[in-house]
Amino acid sequence: MMKSWISFLLPNDEYKEKRVLYFFAEGALILFISQIIMLICTKFFNISAELALLVSVAIFLFYVTARYIISGIEYTDITTERSYKREIKNICIKTCGFVVIYIVLYLIIVDIPSNLIGWMEIIGLLVSIGIVWFFTNYISLNRSYKKNKELI
């Protein structure tokens, strides 16, 4: 079967691919509905076109991401308590690694902040991103683990 140009977004596993395609289709329908709602809202409220498009795309991305995380299809090989705990450690290491790499690249590319407020902004941003990243992976892992235990 001929693959589409967008197939790089899809997983190699056939079950995951089918589920992700469903998520994209559902998200596209929600995107279409939100565009219609935004079009109607522009008649009553002063909403710029950029804001309307940004909100619609954000809704689409949030929906597809949330569905993927909650579906529990990310970690198909996590079936034992030991592998579950090992994967939690891996998630922590990846999250900390991302934060360290980001701060180093930020300091190299942008500049070292000159005051305390600049440092607080960077640290606050990184802590927020790290927490969101950790919890999204943790929720996905937890759902996958429970789903895999039920299948066994």
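## Overall fold

Helices here are DSSP runs of at least four residues, numbered from the N terminus. In this predicted model, the protein chain has four helices and zero strands. Going along the sequence, the pattern simply reads α-α-α-α. With a radius of gyration of 20 Å, well over the 15 Å that the globule rule gives for 152 residues, the chain is more spread out than a compact globule.

As for overall dimensions, the C-alpha trace spans about 55 × 50 × 30 Å along its principal axes. Burial comes to 22% of the 152 residues. Look at contacts between residues at least 6 apart in sequence, and you'll find that 71% of them join residues at least 24 apart.

## S56 in helix α2

Now for a single residue. S56 sits in helix α2, which covers residues 49–71. Is S56 buried or exposed? Its relative accessible area is 0%, and buried means under 20%, so S56 counts as buried.

Which residues does S56 touch, leaving aside those up to four places away in sequence? The list is L31, S34, Q35 and M38.

## Helix α3

Next up is α3, residues 81–109. This helix has 29 residues and reaches 42 Å from its first C-alpha to its last, close to the 42 Å expected at 1.5 Å a residue.

Which residues of α3 are buried? They are S83, Y84, E87, I91, T95 and I103. As for what covers these buried residues, α4 is included.

## The largest pocket

Rolling a probe the size of a water molecule over the atoms shows where empty space is left. In this model, the largest pocket holds about 300 Å³ of space. Its lining is made up of 15 residues, and V64, T65, Y68, I69 and E74 are the ones nearest its centre. The elements giving two or more residues to that lining are α1 (14–44), α2, α3 (81–109) and α4 (116–151).

Which element supplies the largest share of the lining? That would be α2, the helix that also holds S56, with four residues. Sorted by class, the pocket lining has eight nonpolar residues, four polar ones and three charged ones.

Definitions and conventions: Residues are numbered from 1 along each chain as its sequence is written. This is a predicted model: local features need pLDDT of at least 70, side-chain atom pairs count only at pLDDT 80 or more; totals for chains, interfaces and linings use all residues. Side-chain values use heavy atoms; hydrogens and water are left out. Buried means under 20% relative accessible area, exposed over 50%, partly exposed in between (1.4 Å probe, protein chains only). Contact means heavy atoms within 4.5 Å. On a 1 Å grid over the protein atoms alone, a cavity is a set of points where a 1.4 Å probe fits but cannot get out, and a pocket is an open set with protein on both sides within 12 Å along at least five of seven lines; lining residues have an atom within 4 Å of a point. Grid points are joined across faces, edges and corners, and a volume is the space filled by probe spheres set on the points. Ala, Val, Leu, Ile, Met, Phe, Trp, Tyr, Cys and Pro count as nonpolar, Asp, Glu, Lys and Arg as charged, and the others, Gly among them, as polar. The expected span of a helix is 1.5 Å times one less than its number of residues. The radius of gyration is taken over C-alpha atoms; the globule rule is 2.2 Å times the number of residues to the power 0.38.
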